[in-house]
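Here is a short note for a colleague who is new to this structure. Please keep the model open while reading.

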Amino acid sequence: MTASLSDDGFDCNACGACCSYSSTWPRFSTETDTQLDQIPAENVSRDGSGMRCDGARCSALVGKVGTSTSCSIYANRPDVCRACEPGGDDCLMARRALGLSRLRPASAEEAQSSLPASNPA
């Protein structure tokens, strides 16, 4: 995953839920043979139907889910991965399943600016 901040504030590099949601989700469906040849063999499932997963986590996911993540094969990721849009239904479903909040946490500056002004005594 590269810098993927959506208009809704979802940061893929601070999430990774879609890559840790289900071992059956990162499947191959519409890729050409040329596209599939670009995916390293160690990341392909034994039966060749999709990405290899360790439990529910895609083997190409690097980092800690919900904190800092990236995709080791981002440029060559399967179409199903490309179709998962930050803040979309699939994204939100994966985030809910992993107990991640719907929205990204506010930065310290955003949190400060949202506090009500204090009343001087």
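**Pocket, cavity and one cysteine**

1. The largest pocket has a volume of about 340 Å³. A pocket here is an open set of points on a 1 Å grid over the protein atoms alone, with protein on both sides within 12 Å along at least five of seven lines. Strand 4 (68-71) and helix 2 (79-83) are the elements that give two or more residues to its lining. Helices (H or I, at least four residues) and strands (E, at least two) are DSSP runs, numbered from the N terminus.

2. This is a predicted model: local features need pLDDT of at least 70, side-chain atom pairs count only at pLDDT 80 or more, and totals for chains, interfaces and linings use all residues. Residues are numbered from 1 along each chain as its sequence is written, and side-chain values use heavy atoms, leaving out hydrogens and water.

3. The largest pocket is lined by 25 residues. Cys18, Cys19, Arg77, Cys81 and Arg82 lie nearest its centre. Helix 2 gives the largest share of the lining, three residues.

4. One cavity of 30 Å³ or more turns up in a search of the whole structure. In a cavity, a 1.4 Å probe fits but cannot get out. The largest cavity has a volume of about 100 Å³. Its lining has 13 residues, with Cys12, Cys15, Cys18, Pro86 and Cys91 nearest the centre.

5. Cys58 lies in strand 2 (residues 57-58). Cys58 counts as buried because its relative accessibility is 9%; buried means under 20% relative accessible area (1.4 Å probe, protein chains only). Leaving aside neighbours within four places in sequence, Cys58 is in contact (heavy atoms within 4.5 Å) with Cys19, Met51, Arg52 and Cys53.

Terms used:
Buried < 20%, exposed > 50% of the residue type's maximum accessible area, 1.4 Å probe, protein only. 1 Å grid on protein atoms, 1.4 Å probe; cavity = no way out; pocket = protein on both sides within 12 Å on 5 of 7 lines; lining within 4 Å. Points joined across faces, edges and corners; volume = space filled by probe spheres on them.
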